[in-house]
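Please look over the sequence and the structure before reading on.

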Amino acid sequence: MPTPPLAALPIRRLTFRDRTACADLSEDRGWPREEHKWGLLLTAGKGLGIDDPEGGLVAACVITEYGSWGRPDLGAIGMVLVAGRYARQGVGRRLMRHVMSTMGATPLTLHATPHGRPLYEELGFKVTGRAEMLRGDFVPDGAEPRIATRAATADDLHAILRLDEEVFGTDRTPLITRLPAFADQLRVAEESGRLIGYTAAWPNMDTHVVGPLIARDTETAKALITSLAARTDRPLRTDIDVRHEELLVWAKARGLASVAFNSVMTYGITDLPGDWTRRFAPLTVAAG
């Protein structure tokens, strides 16, 4: 049988069973395999991919929808990958156009690498912000945080969801309710019995990724990161909104070094909803 032309290969829905093929695709492009993260994204979101007739995937991406079931307020696009042997043949553009068509009038967001940004700009996405990736072994300063933190319990879930929706600007229940099983740590900050922040640390290769990081203020964010770091022997990794300059300076002084910058881009809206002053880091840039 002759191999069909690349443009004729169908785009299909990916499932949890495709996570190994997705990890292979990540590895093919020099990214970490991140099977644990792929598993979350393929269950909490919608994976789309193109099968390679010779085996594996030509391309893949994930869309995570937020808001009402069936009527999302926002769609986050992530993990847009094309196998190296099919690069620069219009596959990524075709996949993105398909996503944008299926999402209709739903506003979209994504974090773009410098390599991917020109394509997204061509498609109409606008840069609305930046995030700085940090990584390193956290070195505590010895000071006792003034903000009380503790491990989250099942009784905290409702308050976490309520706070998250208030800060993020739309309902993320399908994603956030997976955190207790997905993360190695889920911690909250509280004051006078009221939840004022929460965060998680989830395993990704040899690191623990800090995210989401939702906090009333910078001091609360510092206390939450410190509490996570005290309970892991892995390096930490996180992506902090560059507008949070004080937290970035503090984290770098504690041993986390700058690794890369990503552009936060939107389509159909001029800025992300919610309260950025309390939104310090995403769960993962792939999910917005």
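Are tyrosine 66 and phenylalanine 168 buried or exposed? Both tyrosine 66 and phenylalanine 168 are buried. The model is a predicted one, and the points below are grouped by topic.

**Overall fold**

- The protein contains nine helices and 13 strands.
- A compact globule of 288 residues would have a radius of gyration near 19 Å, and the protein agrees with this, since its own value is 19 Å.
- The C-alpha trace spans about 65 × 35 × 35 Å along its principal axes.
- Buried residues make up 51% of the 288 residues.
- Of the contacts between residues at least 6 apart in sequence, 72% join residues at least 24 apart.

**Nonpolar cores**

- The largest nonpolar core has 63 residues, and the members that touch the most others are Trp38, Phe125 and Tyr198.
- Strand β3 (residues 57-68) supplies the largest share of this core, with eight residues.
- Leaving aside residues up to four places away in sequence, phenylalanine 125 touches Ile77, Met96, Met100, Leu108, Leu110, Tyr120, Met265, Thr266 and Tyr267.
- Another core, of 24 residues, lies apart from the largest one; Ala229, Leu247, Trp250 and Leu256 are among its members.

**Aromatic pairs**

- The count of aromatic pairs is five.
- One of them joins tyrosine 66 and phenylalanine 168, whose ring centres are 5.2 Å apart; the planes stand at 75°, so this pair is edge-to-face.
- That pair links distant parts of the chain, because tyrosine 66 is in strand β3 while phenylalanine 168, 102 residues apart from it, is in helix α5 (residues 157-168).
- Tyrosine 120 and phenylalanine 125 also form an edge-to-face pair, with 6.2 Å from centre to centre and 70° between the planes.
- Why does tyrosine 120 count as buried? Its relative accessible area is 8%, and buried means under 20%.
- Phenylalanine 125 counts as buried as well, because its relative accessibility is 2%.
- Tyr120, Phe125 and Tyr267 are linked into a cluster by ring pairs.

**Arginines over rings**

- Which residue lies over the face of phenylalanine 168? Arginine 172 does, at 3.9 Å from the ring centre.
- Phenylalanine 168 thus has two partners described here: the ring of tyrosine 66, edge-to-face, and arginine 172 over its face.
- Arginine 243 lies over the face of tryptophan 276, at 4.2 Å from the ring centre.

**Cysteines**

- How many disulfides does a search of the whole structure find? The search finds zero.
- Cysteine 22 is in no disulfide, and the nearest cysteine sulfur to it is that of cysteine 61, 9.7 Å away.
- Cysteine 61 is likewise in no disulfide, and its nearest cysteine sulfur is that of cysteine 22.
- The separation of 9.7 Å rules out a disulfide because the two sulfur atoms would have to lie within 2.5 Å.
- Cysteine 22 is buried, because its relative accessible area is 0%.
- Cysteine 61 is buried too, because its relative accessible area is 1%.

How values were computed: Residues are numbered from 1 along each chain as its sequence is written. This is a predicted model: local features need pLDDT of at least 70, side-chain atom pairs count only at pLDDT 80 or more; totals for chains, interfaces and linings use all residues. Side-chain values use heavy atoms; hydrogens and water are left out. Buried means under 20% relative accessible area, exposed over 50%, partly exposed in between (1.4 Å probe, protein chains only). A nonpolar core is a set of buried Ala, Val, Leu, Ile, Met, Phe, Trp, Tyr and Cys residues joined through side-chain atoms within 4.5 Å. Helices (H or I, at least four residues) and strands (E, at least two) are DSSP runs, numbered from the N terminus. Contact means heavy atoms within 4.5 Å. Rings of Phe, Tyr and Trp (its six-membered ring) pair if their centres lie within 6.5 Å; planes under 30 degrees apart count as stacked, over 60 as edge-to-face and the rest as tilted. A charge sits over a ring if NZ of Lys or CZ of Arg is within 6 Å of the ring centre and within 35 degrees of the ring normal. The radius of gyration is taken over C-alpha atoms; the globule rule is 2.2 Å times the number of residues to the power 0.38.
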